[in-house]
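Open the model in your viewer and keep the selection tool ready. We will go stop by stop.

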Amino acid sequence: MDIKQYDFDLPEELIAQVPLEDRSSSRLMVCDRSTENIEHKHFADITEDLNPGDCLVLNDTRVLPARLFGAKEGSGGKVEVLLLHQTEEDEWEVLVKPAKKVKEGTKIIFGDGKLTAECTEIQEHGGRKVKFSYEGIFLEVLESLGEMPLPPYIKEQLSDRERYQTVYAKEEGSAAAPTAGLHFTNNLLEELQEKGVELAYLTLHVGLGTFRPVSVDNIEEHDMHAEFYQLSRETADQLNRVRENGGRIISVGTTSTRTLETIMRDYGTFTEAGGWTDIFIYPPQKLQAIDGLITNFHLPKSTLIMLVSAFAGRDFVMEAYHRAVEERYRFFSFGDAMFIK
């Protein structure tokens with residue numbers, strides 16, 4: 001499984017730097033797996049391709065303002081800290097820059113002492129464990145000091161941090177947004193429900209490892225970072241009922257897909273479950289949980305384009321990406337979307 005099979009040329013100017021004013025006005029490429037037909041629409045037209053009885057599965061994770069800028073106690077050297085996930089009360093796994101300046105015992109001060117962090121452990125890949133000290137409620141402190149952890153390919157500042165959240169974001173804990181969901185507005189979701197399309201919610205807290213390009217030539221040697229997921233009994237029952245009634249289960253984003261496929265792999269049916277998943281989906285694996293996928297256009301050589309290829313076929317997906325470049329679609333987090341049915 002050569003990584004070069006998932007590479008493509010992407011002009012830098014096609015990487016979307018800012019979100020559109022109207023979330024649902026982004027473009028939508030509709031890809032039919034059975035006919036390999038490709039249509040060009042706008043996202044608000046998704047109502048035309050969804051039927052009564054279908055079910056959209058949405059990831060309700062909420063992105064933390066997880067990027068902190070502080071200074072080393074004593075020297076005053078600048079340090080950037082990116083929260084990845086909480087391991088114990090007030091203890092987090094983080095990435096730090098510059099990593100070589102942060103050793104065990106190093107203390108970092110944020111916001112004139114409103115928040116401090118002490119490095120308690122050095123981990124692989126430049127990671128650290130730190131323990132935070134503060135007064136009050138940690139999330140409130142983080143809201144006042146932290147910045148949104150936008151991906152490195154976005155150079156523009158985000159004027160409204162809510163634009164990097166889905167309109168249904170609820171469960172705090174992600175280091176990145178489940179970007180396929182950024183296209184939905186409350187009005188569009190209401191319109192879909194009025195048509196008879198069901199909405200189901202799960203949680204997967206997105207880690208940065210999801211988005212990093214695969215660095216090995218043989219993709220089977222790639223190690224996925226684990227992410228925390230949760231599927232409620234209510235959602236599991238809903239999905240089983242939809243499937244029994246002949247409705248399609250359509251995941252919004254690769255994060256929802258990985259959660260559903262993890263549960264289907266482990267239990268053989270939709271069931272209440274939670275824990276950590278490092279599932280890595282790539283051809284020739286077959287997806288068992290979903291009948292359709294709404295997703296953005298992803299990085300070359302990324303695990304995400306491999307997941308999409310497992311669902312729709314590598315050749316068809318790479319042809320769709322070639323067409324997207326030709327048609328000047330906008331790529332990545334704030335870019336356009338595709339619906340694969």
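Predicted model: local features only at pLDDT ≥ 70, side-chain atom pairs only at ≥ 80, totals over all residues.

A polar contact is a pair of N or O atoms within 3.5 Å; within protein, one must be able to donate a hydrogen and the other to accept it.

**Stop 1**

Select residues 3-63 and 160-340 and colour them as domain 1. Six residues of domain 1 and nine residues of domain 2 make the contact. About 600 Å² is buried between domain 1 and domain 2. Carbon and sulfur atoms give 56% of that area.

Now look for charges at the boundary. How many salt bridges does the rule find across the interface of domain 1 and domain 2? It finds one. On the domain 1 side that touches domain 2, count three nonpolar, one polar and two charged residues.

Next, show the side chains of Glu143 and Arg161. They meet in a salt bridge, at 3.0 Å from N to O.

**Stop 2: Ser256**

Go to helix α5, residues 254-267, and pick Ser256. Is Ser256 buried or exposed? Its relative accessibility is 0%, so Ser256 counts as buried. The cut-off for buried is under 20%. Show Asn59 too: the Ser256 side chain reaches the backbone nitrogen of Asn59 at 3.5 Å. Beyond its neighbours within four places in sequence, Ser256 also contacts other residues, among them Val57, Leu58 and Leu202.

**Stop 3: salt bridges along the chain**

The structure holds 17 salt bridges. Select three of them in turn.

- Glu13 and Arg328: their side chains meet at 3.4 Å, N to O. Glu13 sits in the segment before β1, and Arg328 in the loop between α7 and β17, 315 residues apart. Glu13 counts as exposed because its relative accessibility is 55%. Arg328, at 44%, counts as partly exposed.
- Arg62 and Glu172: the closest N and O atoms are 3.7 Å apart. Arg62 lies in strand β4 and Glu172 in strand β11, so this pair ties together parts 110 residues apart in sequence. Arg62 is buried at 16%, while Glu172 is partly exposed at 30%.
- Glu198 and Arg241: this salt bridge spans 3.0 Å, N to O. Glu198 is in strand β12 and Arg241 in helix α4, 43 residues apart. Glu198 is partly exposed at 21%, and Arg241 is partly exposed at 37%.

Finish by selecting Lys41, Glu48, Asp49 and Lys341. Salt bridges that share partners join these residues into one network.

How values were computed: Residues numbered from 1 in each chain as written. Heavy atoms only, no water. Domains from an automatic or database assignment. Contact = heavy atoms within 4.5 Å. Buried area = accessible area lost by both parts, 1.4 Å probe. Salt bridge = Lys/Arg side-chain N within 4 Å of Asp/Glu carboxyl O. Nonpolar A, V, L, I, M, F, W, Y, C, P; charged D, E, K, R; others polar. Helix = DSSP H or I, 4+ residues; strand = E, 2+ residues; numbered from the N terminus. Buried < 20%, exposed > 50% of the residue type's maximum accessible area, 1.4 Å probe, protein only.
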